[in-house]
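Let's take a walk through this structure together. Have a look at the picture before reading on.

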Amino acid sequence: MIELKTRAEQFLKSIQAEGERQCAAIRRKTDTEVTQSLAAAREEEQARAARTIAFETARAKTQANRALSAARAEARAALTARRQALTDGVFADAEARLAAFTATADYAAWLQASAADLAARLGQGTVLYARPADCALLTALPAGCTLQPDDSIRLGGLRAENRAAHMAADDTLSTRLAAQRSWFLENAGLSIEL
């Protein structure tokens, strides 16, 4: 009976040892799987975080570029408006000076010289157009020219046409002033560079 009891104890110990070995193997296998799963999850999360960081960085750069472009456009528009205001002011002053010039004795001499130049360019049969107020200043018309009043001439000067030669010329002060605008913008140092 003792021998049976000893054998039963040994059998029980053997079963317990085998159970503990299998439990240890299961623990090792579980620990390995948990470690591998954690490593895979960590890699996946790091990759996801890297993608998120890259996406958010690109989005922030895009937003910054949009804001910068909007600020540049706004600054360019403000500079353009300021340049236009300065140019308009300069040309308003020039127009006022031209209007004052038409009230001087020098204007009558300039008007006579303009009439002679236009008649020489357009030839016989030229019709000169002047402001009604300027018609009295043109006392000696070039040969072969006629004079007609024209209310559309605002500042002064002359327009001319020779219908037979199919030629026309505009030597009005308004046209001369308008022709200076592009030259002024190129040479006044008011360029816009952002």
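What follows is a short tour of the sheet, the helices beside it and one threonine.

A bit of housekeeping comes before the tour. This is a predicted model, in which local features need pLDDT of at least 70, side-chain atom pairs count only at pLDDT 80 or more, and totals for chains, interfaces and linings use all residues. Residues are numbered from 1 along each chain as its sequence is written, and side-chain values use heavy atoms, with hydrogens and water left out.

Strands here are DSSP runs of E with at least two residues, while helices are runs of H or I with at least four, all numbered from the N terminus. Two strands count as paired if DSSP finds at least two bridges between them.

Now pick out strand 1 (residues 127-130). It pairs with strand 2 (residues 146-149) in the parallel sense, over four bridges. Leu128 has Leu147 as its bridge partner in strand 2, and Ala130 has Pro149. With strand 3 (residues 157-162), strand 1 pairs in the antiparallel sense over three bridges; there Val127 stands opposite Glu161.

In a regular strand, side chains alternate between the two faces of the sheet. In strand 1 both faces are covered: Val127 and Tyr129 on one side, and Leu128 and Ala130 on the other, are all buried. Buried means under 20% relative accessible area, exposed over 50% and partly exposed in between, using a 1.4 Å probe and protein chains only.

Finally, look for Thr102, in the loop between helix 1 (2-101) and helix 2. Thr102 is buried, at a relative accessible area of 14%. Leaving aside residues up to four places away in sequence, Thr102 touches Tyr107, Arg131, Leu155 and Leu173, where contact means heavy atoms within 4.5 Å. The side chain of Thr102 also reaches the backbone oxygen of Ala99 at 2.5 Å.

Definitions and conventions
A polar contact is a pair of N or O atoms within 3.5 Å; within protein, one must be able to donate a hydrogen and the other to accept it, and residues adjacent in sequence count only if both atoms are side-chain atoms.
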